[in-house]
Amino acid sequence: QVQLVESGGGLVQPGGSLTLSCTASESIRSSVSMGWYRQAPGMERDLVATFISSTITKYSDSVKGRFTISRGNAENTVYLQMNSLKPEDTAVYYCNVRQYIGVRLTDFWGQGTQVTVSS
């Protein structure tokens with residue numbers, strides 16, 4: 001099973017920046033997707049940004065132009081650069097890998113990292 005470890009969350013003022021990192025315990029080269037979701041209190045977990053192929057990305061409309069997802073040199077690392085942060089970006093951010101285990105499409109999640117945007 002893939003294990004995911006996130007880091008980089010914290011408290012930042014509105015307009016500030018943070019970079020989140022996610023490292024997988026094994027190569028995710030064969031994964032269907034790898035990316036980031038977030039969940040605010042009382043809300044559902046929603047897509048933030050993800051790679052749906054080695055080069056194609058998908059972003060939530062709410063973060064387009066402010067957030068950038070990228071891969072590290074290693075095949076098992078993904079980053080989320082977050083700029084121009086707003087209070088509504090406050091949430092727990094989760095790394096996600098989606099891959100087939102046999103014929104079953106399976107989601108793997110990290111433990112989550114808190115991002116708080118507040119003055």
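**Briefing: a pocket, a disulfide and a buried glutamine**

The lining of the largest pocket is made up of six nonpolar, five polar and three charged residues. Here Ala, Val, Leu, Ile, Met, Phe, Trp, Tyr, Cys and Pro count as nonpolar, Asp, Glu, Lys and Arg as charged, and the others, Gly among them, as polar. The model is predicted, so local features need pLDDT of at least 70 and side-chain atom pairs count only at pLDDT 80 or more, while totals for chains, interfaces and linings use all residues. Residues are numbered from 1 along each chain as its sequence is written, and side-chain values use heavy atoms, with hydrogens and water left out.

**Largest pocket**

- The volume of the largest pocket is about 190 Å³; a volume is the space filled by probe spheres set on grid points, which are joined across faces, edges and corners.
- Of its 14 lining residues, Ile28, Arg29, Ser53, Ser54 and Arg71 are the closest to the centre.
- A pocket is an open set of points on a 1 Å grid over the protein atoms alone, where a 1.4 Å probe fits, with protein on both sides within 12 Å along at least five of seven lines; lining residues have an atom within 4 Å of a point.

**Disulfide**

- One disulfide is found in a search of the whole structure, and Cys22 and Cys95 form it, with an S to S distance of 2.0 Å (the cut-off is a pair of cysteine sulfur atoms within 2.5 Å).
- Cys22 is in strand 3 (residues 18-24) and Cys95 in strand 9, so the bond ties together parts that are 73 residues apart in sequence; strands are DSSP runs (E, at least two residues) numbered from the N terminus.
- The link between Cys22 and Cys95 is left-handed, at -85° about the S-S bond.

- Cys22 and Cys95 are both buried, that is, under 20% relative accessible area with a 1.4 Å probe and protein chains only; the value for Cys22 is 0%.
- Leaving out residues up to four places away in sequence, Cys22 touches several residues, including Leu4, Met34, Trp36 and Val78 (contact means heavy atoms within 4.5 Å).
- Thr90 is 68 residues from Cys22 along the chain, and their C-alpha atoms are separated by 18 Å.

**Gln99**

- Gln99 is part of strand 9 (residues 91-101) and counts as buried because its relative accessibility is 8%.
- Its side chain makes a polar contact of 3.1 Å with the side chain of Ser31; such a contact is a pair of N or O atoms within 3.5 Å, and within protein one must be able to donate a hydrogen and the other to accept it, with residues adjacent in sequence counting only if both atoms are side-chain atoms.
- Beyond its neighbours within four places in sequence, Gln99 is in contact with residues including Val2, Glu26, Arg104 and Phe108.

Methods
Helix = DSSP H or I, 4+ residues; strand = E, 2+ residues; numbered from the N terminus. Buried < 20%, exposed > 50% of the residue type's maximum accessible area, 1.4 Å probe, protein only.
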